[in-house]
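The sequence and structure come first.

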Amino acid sequence: MDKKSTARLIIFYRNPQEANVKTRLAATLGQDKARQIYVRLAQHTRDVAEKTDVDKIVFYSDFVDTPDMWPDATYQKAVQHGHDLGARMKNAFKESFARGYTSVCIIGTDCFELSQEVIDEAFESLHHSDAVVGPAKDGGYYLLGMNQMLPALFDNKRWSTNTVLNETIRDLGLLGLHYTLLRTLADVDTEEDLPDELR
């Protein structure tokens, strides 16, 4: 594995069937509008990620859909496995480290404020930190990165609640690890979260 391919960006992506994306948006805007917004969020994530000079893999929620918005020449592709979000993320990190990557970050497709600069900052921070976390305003995180497999970060979490960030930081402290916190950004989960560009 050459020098450039020691870092990998994992993107967790939900196959955009109308009934299973952005359910909190769909509750007020309807499923069709929620799906349109989700696709635009995913396109933004793709455009940002494409500029980052690391290997990239899209982990699909249900099946690998190709060809699609994620060009095969740019993105490796796989399917998520696990009984909950923590297990699915843990398995994606395990697979990445098993392939020889030494710096691995994961993002979703919910953060319209995410930029190439933030992703590059995350990977840069892994040169001097054991882990990196991108706090989300809702109490979760929009990015998580590490230099080695840290299973505790994926266990015993109340996923999709406002406790995830604090529980993750607590675990990093208990492990005695040095971590970097990125700037706080907003995820898009409800109609109130929508930036004007997505309305």
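Glu167 is part of helix α5, which spans residues 164–174; helices here are DSSP runs of H or I with at least four residues, strands are runs of E with at least two, and both are numbered from the N terminus. The model is predicted, so local features need pLDDT of at least 70 and side-chain atom pairs count only at pLDDT 80 or more, while totals for chains, interfaces and linings use all residues. Residues are numbered from 1 along each chain as its sequence is written, and side-chain values use heavy atoms, with hydrogens and water left out.

Glu167 has 9% relative accessibility and therefore counts as buried (under 20% relative accessible area; exposed is over 50% and partly exposed in between, with a 1.4 Å probe and protein chains only). Leaving out residues up to four places away in sequence, Glu167 touches Asn156, Lys157 and Arg158, where contact means heavy atoms within 4.5 Å.

**Nonpolar cores**

A nonpolar core is a set of buried Ala, Val, Leu, Ile, Met, Phe, Trp, Tyr and Cys residues joined through side-chain atoms within 4.5 Å. The largest one has 30 residues, and Leu9, Trp70 and Leu114 touch the most other members. At least two residues each come from β1 (7–13), α2 (31–50), β2 (55–60), β4 (103–107), α4 (116–125) and β6 (141–146). The largest contribution, five residues, is that of α2. A separate core of 25 residues includes Phe12, Ala78, Val104 and Leu177.

Beyond its neighbours within four places in sequence, Leu9 is in contact with Ala49, Val54, Asp55, Lys56, Ile57, Cys105, Ile107, Ile119 and Phe123.

**Aromatic pairs**

The whole structure contains seven aromatic pairs. Rings of Phe, Tyr and Trp (its six-membered ring) pair if their centres lie within 6.5 Å; planes under 30 degrees apart count as stacked, over 60 as edge-to-face and the rest as tilted. Two of the pairs are tabulated here.

| Pair | Centre distance | Plane angle | Class |
|---|---|---|---|
| Phe12 and Phe59 | 5.9 Å | 45° | tilted |
| Tyr13 and Tyr38 | 5.9 Å | 20° | stacked |

Phe12 in strand β1 and Phe59 in strand β2 are 47 residues apart, and their pair links distant parts of the chain. Both Phe12 and Phe59 are buried. Tyr13 is in strand β1 and Tyr38 in helix α2, so this pair ties together parts 25 residues apart in sequence. Tyr13 and Tyr38 are buried as well. One aromatic cluster is formed by Tyr13, Tyr38, Tyr60, Trp70 and Tyr75.
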